Amino acid sequence: MRRLVWFGCFAYFMVGLATVVFGALMPELLREYGRSYSGGGQLVFGQFAGFFLGVLLAPLSSMRIGEQWTIRLGMLALVMAHAFLFSQPGWMVVLALAVLNGFGFGMTQTAIGTLILERAGHAGAVLMSRLEVAFGLGALFMPLAAGFLIAKHQWNGAFGIVMLLAALNFMLWIRKLPSHSSEPMEETRHHPQNHHDTSKAKHAKPFSKLVIFIVFVFLYVGIETSAINFMPSIFVQHLKQGTSEATVSVTVFWMAMVIGRVFTGYAAEKISYFRFLFISASGAILFLVGMTVVKGAALSFILVFMLGLCLSGIFAIWIVFANRLFPGNTKQITSILIASGGVGGAVLPLLVGWSLDQFQATSTIWLISAFALMLPVCLLLIRRFYRTEFNSQH
């Protein structure tokens with residue numbers, strides 16, 4: 001199992017690189033191809049379309065050709081996409097390759113996450129948080145590498161980095177994995193919290209409350225994606241900072257995300273999944289509202305860091321929490337939730353971008369805060385529904 005987790009973390013690091021590579025290179029790509037920001041929107045949408053397709057096809061592919069072949073297929077798509085991108089093809093080909101890139105990391109992320117959740121037992125929260133740490137490191141590393149390569153006038157080298165890591169991952173996953181864990185992990189010991197969640201799930205009607213889980217992850221990924229893409233613009237408008245200084249806010253945000261994810265699994269197991277999620281969502285609201293009031297740059301960076309800490313563990317724990325309440329449906333639940341998050345990551349940033357164009361940054365922060373306010377509401381609804389069903393059985 002340890003080998004599987006290390007392979008999974010290395011793959012998630014590569015997925016983190018592939019996910020943000022277009023964003024990291026966006027100014028250079030648009031300049032190189034003579035395109036406006038609408039061209040950048042086409043790239044983002046194409047990548048989202050591919051991601052959505054890869055996530056939805058991952059469970060079907062796993063049932064037809066097996067989990068490992070599904071993972072290899074996703075990685076092969078990434079190798080092909082970035083090999084062609086490295087050669088700097090025409091713009092229409094770049095758009096098609098953005099779709100293939102999204103398909104590759106969407107399928108890889110879903111298949112590996114599902115595989116590890118199915119084999120993790122009661123260590124799901126800890127192991128998923130490790131995968132998210134690896135993803136965060138990749139997402140943090142790519143903008144730094146892209147900036148260095150752009151300064152050297154070798155920006156297409158960023159695609160080469162993803163291509164090489166995808167090829168290396170493909171070779172690692174060629175080796176057959178054991179059918180079950182032969183290396184017991186300390187974290188797989190029984191936890192009372194997880195037993196309590198599973199007991200509830202046995203009495204809950206499958207899928208009857210799934211819509212709340214979908215809405216929650218739709219909102220969360222939309223909020224995270226909006227923060228990543230528009231935090232510099234908010235700093236420029238709200239604090240009157242220069243572009244280079246404002247860009248540091250994204251680095252601070254990702255640093256907090258990585259640090260928070262290191263402790264996510266252990267914290268959630270300690271205080272229960274529900275409490276962890278509720279505290280995290282409430283903290284995110286608090287720090288977002290704080291940003292509407294604060295005008296100083298130093299304090300604003302602190303608020304961004306705290307926001308990143310609060311958001312860092314929500315996605316991984318939400319996936320594990322959902323699988324506890326819908327036992328026996330790991331492939332379907334994981335795929336549905338990741339796909340829903342992808343839709344949120346495409347839709348909500350459109351609203352946030354529109355808000356920045358039409359109103360001031362303060363109004364946009366309030367809009368994001370309103371989205372965040374719905375997160376604890378979803379949690380309270382889930383607790384109410386499952387508590388009612390649980391009590392009715394006794």
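With a relative accessibility of 36%, Gln-88 counts as partly exposed in this predicted model. The residue is placed in the loop that joins helix H3 (67-86) to helix H4 (91-120), and its backbone there adopts a positive phi of about 55°, although Gln-88 is not a glycine.

A positive phi also occurs at His-153, a residue other than glycine, where the value is near 60°. His-153 likewise belongs to a loop, in this case the one between helix H5 (124-151) and helix H6 (157-172). The relative accessible area of His-153 is 70%, and the residue is therefore classed as exposed, the cut-off for that class being over 50%.

Attention then turns to the packing of two helices. Two packed helices are described by the angle between their axes together with the distance between those axes. For helix H10 (residues 273-293) and helix H12 (residues 314-325), the angle is about 145° and the axes lie 10 Å apart, while the crossing in which H10 passes H12 is left-handed. On the H10 side, the contact is formed by Tyr-273, Phe-276, Leu-277, Ser-280 and Ala-281, and these residues meet Ile-314, Ile-317, Trp-318, Val-320, Phe-321 and Arg-324 of H12.

Methods:
Residues are numbered from 1 along each chain as its sequence is written. This is a predicted model: local features need pLDDT of at least 70, side-chain atom pairs count only at pLDDT 80 or more; totals for chains, interfaces and linings use all residues. Side-chain values use heavy atoms; hydrogens and water are left out. Axes are lines fitted to C-alpha atoms, for helices over the stretch in contact, and angles run from 0 to 180 degrees between N-to-C directions. Helices (H or I, at least four residues) and strands (E, at least two) are DSSP runs, numbered from the N terminus. A crossing is left-handed if the near helix is turned anticlockwise from the far one by less than a right angle, and right-handed if clockwise. Contact means heavy atoms within 4.5 Å. Buried means under 20% relative accessible area, exposed over 50%, partly exposed in between (1.4 Å probe, protein chains only).
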